[in-house]
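Dear colleague,

I am handing over the structure that I have been going through, and I would be glad if you could read my notes beside it.

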Amino acid sequence: MEKLYNIRMRSSENQQHISGAERMVHYEGIHNCVASMIDRSFHHKRGEPDFISIKIEKIKEEVKVISPISTIENIENYSVNSALCAMMKILKPLNLQASFIQSLYEIITTGTSISGALLIDIDSQERLDAKENGVRVSRLDWQEKTKEDFIRWNPDCNSERKLEAIALASKVQHSGVIAELCCSDDPHYTTGYVTLKNTYTSIPHMKEENSASGGRIFLVDSEQTNVEEIIQFLEQTPVIVGGKIG
Ligand code: PML
Ligand code: MG
Ligand code: MG
Ligand code: MG
């Protein structure tokens with residue numbers, strides 16, 4: 001594979017997170033990618049940034065190619081009042097306490113949004129990452145051909161937002177994380193998702209309209225997996241979502 005560059009943008013206002021984005025592109029793609037990140041950071045519904053950082057890093061490590069999430073589903077949910085119930089249905093195979101799922105739901109739908117994900121143990125229910133801004137999944141992108149094929153098979157997923165979420169969820173599922181819970185922090189985008197057993201299920205009306213809350217939680221079993229290795233993989237290992245689909 002030709003040399004790749006990781007491009008990472010984050011923006012904030014009064015030190016509060018506004019937006020972030022990650023891409024991995026060849027040299028020829030750097031210009032366009034940076035330009036679109038600048039546009040994106042200045043036109044975010046969460047506010048007008050007073051700080052934008054864009055970092056370009058040459059990838060020196062070997063790039064791992066992984067398959068995208070195999071199954072994409074949508075659960076029916078017509079109101080925020082039943083969102084928690086929808087989430088419980090999806091997480092049922094894990095046999096978690098209802099009160100635990102409720103607290104996770106509340107963190108990502110009503111809490112202060114941070115830029116990274118919280119890593120939480122499925123048994124002790126404790127947060128395991130010792131990071132102020134959570135775990136930031138970095139160094140990932142789609143292989144163009146795989147992305148096109150994926151869209152052909154999943155036409156509902158043809159938006160930049162969903163495709164970025166699915167690439168990230170694919171890396172997260174590959175890392176040893178058991179389940180991922182996400183709610184968009186965009187005040188006008190209230191859909192979230194849960195990924196479990198290589199299935200990505202969107203949940204409409206996950207939070208109230210106009211809410212700037214949002215976030216991600218990664219559930220891990222710290223007795224069965226090495227948490228440090230998972231964090232290292234998510235933050236550092238370059239991953240391309242590629243290969244044949246269908
Ligand atoms: C985000 O906005 O950053 C999170 C993406 C959520 C996508 C949910 C979906 O439509 O499946
Ligand atoms: Mg974000
Ligand atoms: Mg966002
Ligand atoms: Mg255990």
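This is a predicted model: local features need pLDDT of at least 70, side-chain atom pairs count only at pLDDT 80 or more; totals for chains, interfaces and linings use all residues.

Residues are numbered from 1 along each chain as its sequence is written, and chains are lettered from A and ligands numbered from 1 in the order in which they are written.

The chain is divided into domain 1 (5-60) and domain 2 (65-241), with bounds that come from an automatic or database domain assignment, and the C-alpha centres of the two lie 21 Å apart. Between them, 11 residues of domain 1 are in contact with 14 residues of domain 2, contact being taken as C-beta atoms, placed from the backbone, within 7 Å. On the domain 1 side, strand 1 (5-13) and strand 2 (16-25) each supply at least two residues, and strand 2 gives the most, with 5 residues; strands (E, at least two residues) and helices (H or I, at least four) are DSSP runs numbered from the N terminus. By class, that side has 2 nonpolar, 3 polar and 6 charged residues, where Ala, Val, Leu, Ile, Met, Phe, Trp, Tyr, Cys and Pro count as nonpolar, Asp, Glu, Lys and Arg as charged, and the others, Gly among them, as polar.

Strand 1 runs antiparallel to strand 2, joined to it by 9 bridges, and pairs in the antiparallel sense with strand 3 (residues 51-58) over 8 bridges, pairing requiring at least two DSSP bridges. Methionine 9 stands opposite alanine 21 in strand 2, and its bridge partner in strand 3 is isoleucine 54. The hairpin of strand 1 and strand 2 has 2 residues between the strands, and asparagine 14 there takes a positive phi near 50°.

In helix 2 (residues 83-91), the buried residues (20 or more other C-beta atoms within 10 Å of their own, all placed from the backbone) are Ala83, Ala86, Met87, Ile90 and Leu91. They cover an arc of only 130° around the axis, which puts them on the same side of helix 2; the arc is that of the directions from the helix axis to the C-beta atoms. These buried residues pack against helix 3 (98-110), strand 8 (179-183), strand 9 and strand 10 (199-203).

Finally, the residues surrounding ligand 1 include Arg161, Lys162, Cys182, Asp186 and Tyr193, each with a C-beta atom, placed from the backbone, within 6 Å of the ligand. Helix 5 (160-174) and strand 9 (192-196) each give two or more residues to this shell, and helix 5 has the largest share, 3 residues.

With best wishes

Key
Two residues are in contact if their C-beta atoms, placed from the backbone, lie within 7 Å. A residue is buried if 20 or more other C-beta atoms lie within 10 Å of its own, exposed if 12 or fewer, and partly exposed in between; C-beta atoms are placed from the backbone.
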